[in-house]
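Morning, everyone. Please have a look at the structure on the screen. I'll keep this short.

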Amino acid sequence: MKNLSENWITEGWIDFEYKKYLLLAYLQHVGGQFKEVKLYPPLADLIQHYSRLKSFEQNRDQIKSAFPKMLQGPDTKELRFTYKPLVIDDEMMKQLEEIVAFSLPQLKNHIEDGKNIYDFLEREMKIEPIGISPLYQKEGYVFLSFDKSKEVFVYRYKVNLFQNSIDTFKGIMMQLIQKVRRSILNTYEQIKLDLIKTNRELPNPATYSICCTQQIPMEESFVPISKRLLLKTVE
């Protein structure tokens with residue numbers, strides 16, 4: 001099973017053994033992804049599932065609210081549909097609590113595995129500025145490469161602010177614009193000069209290189225870790 005739905009514990013058949021089977025099948029897939037050093041999206045999904053179940057554990061009402069509701073019919077005065085919550089008896093609640101209690105440590109163990117891989121890979125990456133760094137760091141270029149390869153993946157990055165109902169936080173967008181080969185003549189500095197010539201929007205761009213000593217999947221690990229590494233550098 002590749003994915004678990006957001007409300008997997010309250011959807012379908014509420015039975016401990018069945019839900020245990022669903023979870024373990026999902027975690028087996030995640031473990032396989034981690035063995036292939038593919039961290040994302042599995043690690044982010046694990047953290048979301050863990051946080052949600054932790055909230056369920058601390059608040060029984062959240063479990064009830066996660067259940068699908070039965071459609072009662074239209075409210076002609078308010079011009080909307082009304083829904084009736086499904087009744088959850090004590091036995092069903094007990095089953096759910098057992099499922100949550102079993103699932104939390106399983107998810108936590110896999111999160112720790114993912115974090116250990118993440119920390120190891122981050123230590124294997126080196127970030128360096130290319131040329132003189134300007135004061136404006138929220139937009140520029142980043143060159144991703146592997147230690148034993150001359151191929152360079154050139155990305156344009158931009159730092160954005162995102163806001164939800166609770167807080168405002170920073171995120172970073174990275175878009176692949178070209179692949180080039182590094183050589184004695186085509187150095188990082190020369191690649192940067194070529195980018196300046198072709199893109200007048202950024203006459204003095206912040207530019208970084210990130211080199212990884214390990215050959216790892218680009219989209220599932222190198223790019224996501226590079227985003228976090230770059231964001232910490234340009235903040």
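This is a predicted model: local features need pLDDT of at least 70, side-chain atom pairs count only at pLDDT 80 or more; totals for chains, interfaces and linings use all residues.

Let's take the largest nonpolar core. It has 49 residues. Which of them touch the most other members? They are Val142, Leu144, Tyr157 and Phe222. Now, where does this core come from? Helix 1, helix 2, helix 4 and helix 6 each supply at least two residues. So do strand 4, strand 5, strand 6 and strand 7. As general background, nonpolar side chains in soluble globular proteins tend to be buried together.

Zoom in on valine 142. Set aside residues up to four places away in sequence. Valine 142 then touches Phe153, Val154, Tyr155, Tyr157, Met174, Tyr208, Ile210 and Leu230.

Next, glutamate 122. You'll find it in helix 4, which covers residues 90-123. Is glutamate 122 buried or exposed? Its relative accessible area is 18%. Buried means under 20%, so glutamate 122 counts as buried. What is it in contact with, leaving aside neighbours within four places in sequence? Ile225, Leu229 and Lys232.

Now the surface. Tyrosine 21 sits in helix 1, residues 16-35. Its relative accessible area is 58%. The cut-off for exposed is over 50%, so tyrosine 21 is exposed. Tyrosine 21 also belongs to a nonpolar surface patch, together with Trp13 and Tyr18. That patch is about 390 Å².

That's my tour. Thanks.

Definitions and conventions. Residues are numbered from 1 along each chain as its sequence is written. Side-chain values use heavy atoms; hydrogens and water are left out. Patches are made of residues with over 30% relative accessible area and no salt bridge: like charges are joined within 9 Å, nonpolar side chains (Val, Leu, Ile, Met, Phe, Trp, Tyr) within 5 Å. Accessible areas come from the Shrake-Rupley method with a 1.4 Å probe; for residues, only the protein chains shown count as cover. A salt bridge is a side-chain nitrogen of Lys or Arg within 4 Å of a carboxyl oxygen of Asp or Glu. Helices (H or I, at least four residues) and strands (E, at least two) are DSSP runs, numbered from the N terminus. Buried means under 20% relative accessible area, exposed over 50%, partly exposed in between (1.4 Å probe, protein chains only). Contact means heavy atoms within 4.5 Å. A nonpolar core is a set of buried Ala, Val, Leu, Ile, Met, Phe, Trp, Tyr and Cys residues joined through side-chain atoms within 4.5 Å.
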